[in-house]
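Thanks for making the time this morning. I would like to walk through one structure with you, beginning with a single residue and then moving out to where the chains meet.

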Amino acid sequence: MTVLARSAAQRSRSRQALRSAAADVLFRNVTRVAALLVLALMIAILVVLVVQAWPAFHRFGWHFFSGREWDPAHATFSALTSIFGTLVTSAIAMVIAVPVSFGIALFITELAPTWLRRPVSTAVELLAAIPSIIYGMWGLFVFAPLFGEYVQPWIIEHIGSWPWVGVLFQGPPMGIGIFTAGLILAIMVIPFISSVMRDVFSLVPTVLKESAYGVGCTTWEVVWRVVLPYTRVGVMGGIMLGLGRALGETMAVTFVIGNSHTLGVSLFNAGNTISSTLANEFTEAVGPTYTSSLIALGLILFLITFVVLALAKLLLLRMAAREGSPT
Amino acid sequence: MNTVSARYLRRRVVNWVNLSMSVLGTLFGLFWLVWLLWTLVDRGVRWLGPDLFTQSTPPPLAPGGFANAIVGSILITALGVIVGTPIGILAATWLAEFSRRSRLAAVIRFVNDILLSAPSIVIGVFIYGVVVARFGHFSGWAGGLALAIIMLPVVLRTTEDMLKLVPDQMREAAAALGAPRWRVTVMVVYRAALGGIITGVLLGVARISGETAPLLFTALNNQFWSTDMNRPIANLPVMIFQFAMSPYDNWQHLAWAAALLITLAILALSLFARLVIRSRSFVK
């Protein structure tokens with residue numbers, strides 16, 4: 001009775017419902033596959049790099065991380081100078097970029113008149129939009145000659161003779177080198193760090209700041225004693241994000257670092273980073289050991305940035321979780 | 001009394017000094033932006049001319065342009081956009097519409113954020129290992145795929161953020177009218193978030209059109225006119241790199257002209273994307 005009594009209209013309606021349910025399942029699964037693709041991509045990158053880097057690790061063992069030789073003629077390779085260059089340039093970048101970014105974020109959130117806030121933050125963010133290769137050209141052809149002629153000799157003469165710190169600033173004033181690379185990296189990561197800082201600073205509840213002003217704090221005291229402690233985790237996240245960018249930056253560094261596989265104390269020496277070595281030598285690498293060693297360098301870089309960026313993400317998530325909580 | 005006012009004075013001085021440093025820091029940041037742009041204009045403008053857009057890259061010390069590099073760049077960027085955008089939007093849809101709170105979604109978000117900032121040169125190495133080494137030669141396809149991998153996380157991130165901003169009431173209202181889920185997503189949610197999604201794509205294009213590192217050993221470069229995606233293809237970033245590092249005057253001039261054009265294009269795109277997000281999005 002029930003089945004037979006269904007009208008044609010009812011049947012077509014239920015067929016329609018069935019069809020749209022099928023379409024729903026299809027749509028949902030297509031989007032799921034796309035999302036899983038992101039995960040698969042990350043795994044594929046790791047697997048491909050590990051597999052192709054394996055011959056180099058197998059051949060050189062732990063020596064790959066501790067040796068200083070990079071000798072294509074004898075097919076002997078090790079990563080120490082590149083890892084050293086990568087870490088030192090990024091460290092210089094952080095020393096310069098973190099205080100400057102803090103200043104910019106402070107200016108935008110606390111000091112600037114409202115009409116000035118948006119133009120200034122847009123301008124700073126435009127620094128991030130300029131392609132890395134442009135920084136490289138500018139660094140090599142414009143900045144380095146001026147720096148080598150006017151600034152470096154002065155630094156070498158005056159600071160180079162200081163105890164302890166002096167050794168960092170010795171050697172011929174070439175303009176290019178590790179310090180120049182670090183400085184340009186700093187300019188490149190300032191927009192990333194300052195925009196995170198600006199965002200987390202604006203999360204501080206107005207009541208907190210007003211209370212501090214109410215008991216007579218100066219603007220600086222409010223920022224240093226209230227805003228910064230409240231946003232500490234987020235600020236660290238922003239710094240890690242900038243560090244992750246600095247570690248992997250390629251073209252700008254390739255132009256100005258001098259590309260030499262040597263290890264020196266002075267920051268004015270020429271050096272190399274993992275990324276600059278890849279950019280310079282990958283297409284010219286002859287023989288499986290050479291290529292494999294370069295891919296091994298790429299894997300090391302990927303792992304270092306992975307850890308740094310993961311840390312950044314975790315810190316920012318903690319900041320976000322705290323912001324969502326009722327306190 | 002005296003110590004109190006001394007302390008007060010000291011606090012005022014500390015405040016004044018530190019706030020001045022903050023202003024100086026801001027000027028420090030803007031200083032480099034102005035200097036960079038001025039350099040490009042100063043060194044680039046004088047070499048601009050119609051030849052740049054009509055002729056291919058010349059041999060050393062001969063006149064020419066970089067029409068082939070412009071076309072090659074457009075081709076591989078287009079490939080990057082065509083491959084990266086749909087995957088990014090669909091993946092973002094799953095994260096924002098179907099599994100907002102699942103553990104898997106959290107993992108994917110995490111991985112995507114890492115890919116977003118991962119060194120682009122490593123993406124180049126990856127594509128070299130998967131595509132170039134397999135087929136035995138550099139190609140436009142490889143370059144475009146590398147750019148797609150860089151594009152994908154940018155689109156995913158912005159799209160997800162934008163979809164999340166669409167109020168749930170709109171989804172519920174559409175569902176209450178009897179629309180199946182996919183129609184709710186496509187015809188209501190996408191439409192509401194369209195401005196934001198377009199912004200994400202524009203930002204992605206801005207990001208990949210200046211990328212050099214991932215193209216060095218995927219698309220390589222080509223001195224001649226070629227639209228064959230199966231072979232090495234000329235492109236602006238790698239051309240700028242090679243020509244700027246060369247000892248030949250005319251190549252360096254071309255590099256500066258190309259640098260000026262590509263930077264202006266990217267800055268215009270970024271500013272335009274910001275305008276779109278500000279005018280089209282329904283959230284302030």
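**One serine, then the interface**

Let me begin with B:S120, which sits in helix α5 of chain B, the helix that covers residues 120–135. Please keep in mind throughout that what we are looking at is a predicted model. Is B:S120 buried or exposed? Its relative accessibility is 11%, and because the cut-off for buried is under 20%, B:S120 counts as buried. As for its surroundings, and leaving aside residues up to four places away in sequence, B:S120 is in contact with B:I150, B:E211, B:A213 and B:P214.

Now to the contact between the two chains, to which chain A contributes 81 residues and chain B 82 residues. The size of an interface is often given as the accessible area lost when the parts come together. For chain A and chain B that buried area comes to about 7,300 Å², with 82% of it on carbon and sulfur atoms.

What about the polar side of this interface? Between chain A and chain B there are 12 residue pairs in polar contact, counting those where both residues are at pLDDT 80 or more, and the salt-bridge rule finds 3 across the interface. A salt bridge joins B:R11 to A:E221, where the closest N and O atoms lie 2.7 Å apart.

On the side of chain A that touches chain B, helix α2, residues 8–60, gives the most, with 21 residues. Sorted by class, that side of chain A holds 57 nonpolar, 16 polar and 8 charged residues.

Terms used. Residues are numbered from 1 along each chain as its sequence is written. Chains are lettered from A and ligands numbered from 1 in the order in which they are written. This is a predicted model: local features need pLDDT of at least 70, side-chain atom pairs count only at pLDDT 80 or more; totals for chains, interfaces and linings use all residues. Side-chain values use heavy atoms; hydrogens and water are left out. Contact means heavy atoms within 4.5 Å. Buried area is the accessible area (1.4 Å probe) that two parts lose on being put together, summed over both. A salt bridge is a side-chain nitrogen of Lys or Arg within 4 Å of a carboxyl oxygen of Asp or Glu. A polar contact is a pair of N or O atoms within 3.5 Å; within protein, one must be able to donate a hydrogen and the other to accept it, and residues adjacent in sequence count only if both atoms are side-chain atoms. Helices (H or I, at least four residues) and strands (E, at least two) are DSSP runs, numbered from the N terminus. Ala, Val, Leu, Ile, Met, Phe, Trp, Tyr, Cys and Pro count as nonpolar, Asp, Glu, Lys and Arg as charged, and the others, Gly among them, as polar. Buried means under 20% relative accessible area, exposed over 50%, partly exposed in between (1.4 Å probe, protein chains only).
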